[in-house]
Amino acid sequence: MTDSGLGEELRTRPDAGHGNQLYGPQHDVAGAAGHLDAPPRMGFFTDTSVCIGCKACEVACKEWNAVPEGGLLLTGMSYDNTQGLSADTWRHVAFIEQRKPMGGQEPGVSHEGVDVFDAASRLGTDPASPGPGATAPAPDTATAPDPAPAGAPAGQISPLAPDGRTELRWLMASDVCKHCTHAACLDVCPTGALFRTEFGTVVVQEDICNGCGYCVPACPYGVIDQRKDDGRVWKCTLCYDRLGVGQEPACAKACPTDSIQFGPLDELRERAEDRVARLQAAGVADARLYGEDPTDGVGGDGAFFLLLDEPEVYGLPPDPVVTTRDLPDMWRHAALAAASLAALAVTSFVRSTGRGRR
Amino acid sequence: MSGSDVTRKGVEGERPGRDALTGDAAGRRRRRRGRGERSMVPDAEFSSYYGRPILKKPTWRALDIAGYLYLGGLAGSSSLLAAGAQATGRPELARVAKLGATGAISLSLAALVHDLGRPARFMNMLRVFKPTSPMSVGSWLLSGYAPLTMAAAASDVAGRYRLVGSAATAGAAVLGPAVVTYTAVLISDTAVPSWHEGHRQMPYVFAGSGATAAAGLALAAAPIAQTGPARRMAVLGAALELGVFQLMKRRMGLAAEPLEQGRPHLMLRTAEALTAGGAVLAALSGRRRDRALAAVAGAALLTGSAALRFGLFHAGVASAEDPKYTVVPQRERLEARERGQEA
């Protein structure tokens, strides 16, 4: 793609102290949206390597946000019957079955020396085993591999089975609205129903939305959608109501494995870097972060992921770009085209007077 | 474990039924190209999540929104024709164009409100002004333009308040071209591959198509002695539309493929034939002073312009429904970037 110089200039020109309004890194999203003294930007880090596909996030989201039923269907897509994010599914757990090894079970591991009752009695008193209330333990304890029992090679992924057959690996990932730095849905919303909160998240005001549906094809991730019987559009609010009173979103609260981690985005990014480095050191070469890069096509996601395969395998676009990046270019061409049309009309009339009326 | 070892054949087409596929077979699809005219990219193999689309397809109804794209083009260009006709003393042509603009824009407004999920809240469109939202810009544009066309037409029909009518006609002619071309930005400013990738050329295509539609209406409804400018407008508009449309398809890469397949292909081919044929007939009708021929030309141009908008609309929807058009170009972009970094 070649971009014209003018479009580039419009896009990246600093504007009132907040540059990159349409595209590029933006370190103060709430400030750029007009929030003064905003709290740190909050977000999700979804570590799919520890997702167990329990769908507690889907359920908790539905319960807390009173999201209606979105259709009952058996799809045959592994354990996935919700199929994708929609107006009535704001957290969606994807299930992918692959013939690839991924840290398979180690049989015959010695468990001597592990006293489960002792471990249980230490719950909540020891940072290494936080109690039920904690969902985001310190990075070190969250990511450190368990002390390897004798006989099990620490941090190694089991190789192919002896007969050469690769194992089935099951990828599970909880998808959610990305709360983009440059959110196309928000940019194109004509009513102002979609807005940027002080936490840097993107929320629909249901009392404003008139159901024009423009945000639906604008989203590069296919997140937001219209509820047919209601007419308005709906998506994850990152539990704006809970954030306002200092609580974490329902899905993160419900996640039993801390696959969904909630917190200030800067901290989550650090935690994610650490986690992906550890996984790769442990031999999971496929581990990669998705959406964490502030220089990507949407300026980085407020909700980013650790994936174990290419993004498209999970139904995520590999390199999304916010459509409004090209908007200055579009307006310029529309203006030129309008001028061309006017000139075309004038030509149609001018020629006639030159040759006499026909 | 029969459920997990069913077959290794790829999933073709829609979501699988009861046979969950595992491993490399799951979600991997090898797609054959449709019978396009040109080979734009080699066969692409790509991964997807059970073949499901990544994007949400537009919720817009084709009749409302494609219809609006068409009627907006017809109205805006008719306003240009009306102003020109009035300035050069062609009252019949001016009246046809003014009434056409008013009728088309009134139908447009009805279609736009009808397409809202909450039509009663249509006034929320004027709650804010957002240059980042083509729909917001368009709402303000229409709220200025529509009353002007109505005032112009009302004054013309009633034969009163001529000065106000002239001013309204001129004002509508100033806003008219913007009404025509902004609709291209409206659909290009989305993640829909076949709409977005044409964002540089689409406004010119719409400008040409709007011109042919307005010319078509004038040819069909105004006396042949006054439609000289309309005939020239038809020829110039058709040349602009057809020329830039070819350029657009070449520049769109893989996203041009939905324009060359199935129903959108049929519609766009029809649009091209009707527009080209209509323009030729329009020129002929002027030479032969044949009113019937002019009416046929007008009908062809009007239908051709509509077919173009509906074809483009449906092609966009098709491109959003197939993950290929989202994944493959993005994957190629990523790989090109990685190669660039290595080099």
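The crossing of α1(B) and α4(B) is left-handed, a term used where the near helix is turned anticlockwise from the far one by less than a right angle (clockwise would be right-handed). The axes of these two helices of chain B come within 7 Å and cross at roughly 145°, where axes are lines fitted to C-alpha atoms, for helices over the stretch in contact, and angles run from 0 to 180 degrees between N-to-C directions. The model is a predicted one, in which local features need pLDDT of at least 70 and side-chain atom pairs count only at pLDDT 80 or more, while totals for chains, interfaces and linings use all residues. Residues are numbered from 1 along each chain as its sequence is written, and chains are lettered from A and ligands numbered from 1 in the order in which they are written.

Among the residues that α1(B) brings to this contact are Gly72(B), Gly73(B), Gly76(B) and Ala83(B), and those they meet as a group in α4(B) include Ala170(B), Ala173(B), Gly176(B) and Pro177(B); two residues are in contact if their C-beta atoms, placed from the backbone, lie within 7 Å. By class, the contact has 11 nonpolar, 10 polar and no charged residues, with Ala, Val, Leu, Ile, Met, Phe, Trp, Tyr, Cys and Pro counted as nonpolar, Asp, Glu, Lys and Arg as charged, and the others, Gly among them, as polar.

Helix α9(B), residues 291-321, reaches 45 Å from its first C-alpha to its last, close to the 45 Å expected at 1.5 Å a residue, the expected span being 1.5 Å times one less than the number of residues. This helix is mostly covered, with 23 of its 31 residues buried.

Leu126(B), in the loop between α2 and α3 of chain B, counts as partly exposed because it has 13 C-beta neighbours inside 10 Å. Beyond its neighbours within four places in sequence, Leu126(B) is in contact with Ser139(B), Trp140(B) and Ser143(B).

Between the chains, 80 residues of chain B are in contact with 67 residues of chain A. On the chain B side, α4(B) gives the most, with 8 residues, and the classes of that side are as follows.

| Class, side of chain B touching chain A | Residues |
|---|---|
| Nonpolar | 37 residues |
| Polar | 28 residues |

In chain A, an open sheet of 4 strands has the order β8-β1-β10-β9, with mixed pairing, strands being taken to pair if DSSP finds at least two bridges between them. Strands β8 and β9 of chain A stand at the edges with a single partner strand each, so one side of each is left without a neighbour in the sheet. The twist averages 25° from one strand to the next. Strands β1(A) and β8(A) pair in the antiparallel sense over 5 bridges, and Gly43(A) stands opposite Gly263(A) in β8(A). Helix α10 of chain A, residues 265-281, lies across β1, β8, β9 and β10 of that chain and runs at about 135° to β8(A).

Technical notes
Buried ≥ 20, exposed ≤ 12 C-beta atoms within 10 Å, placed from the backbone.
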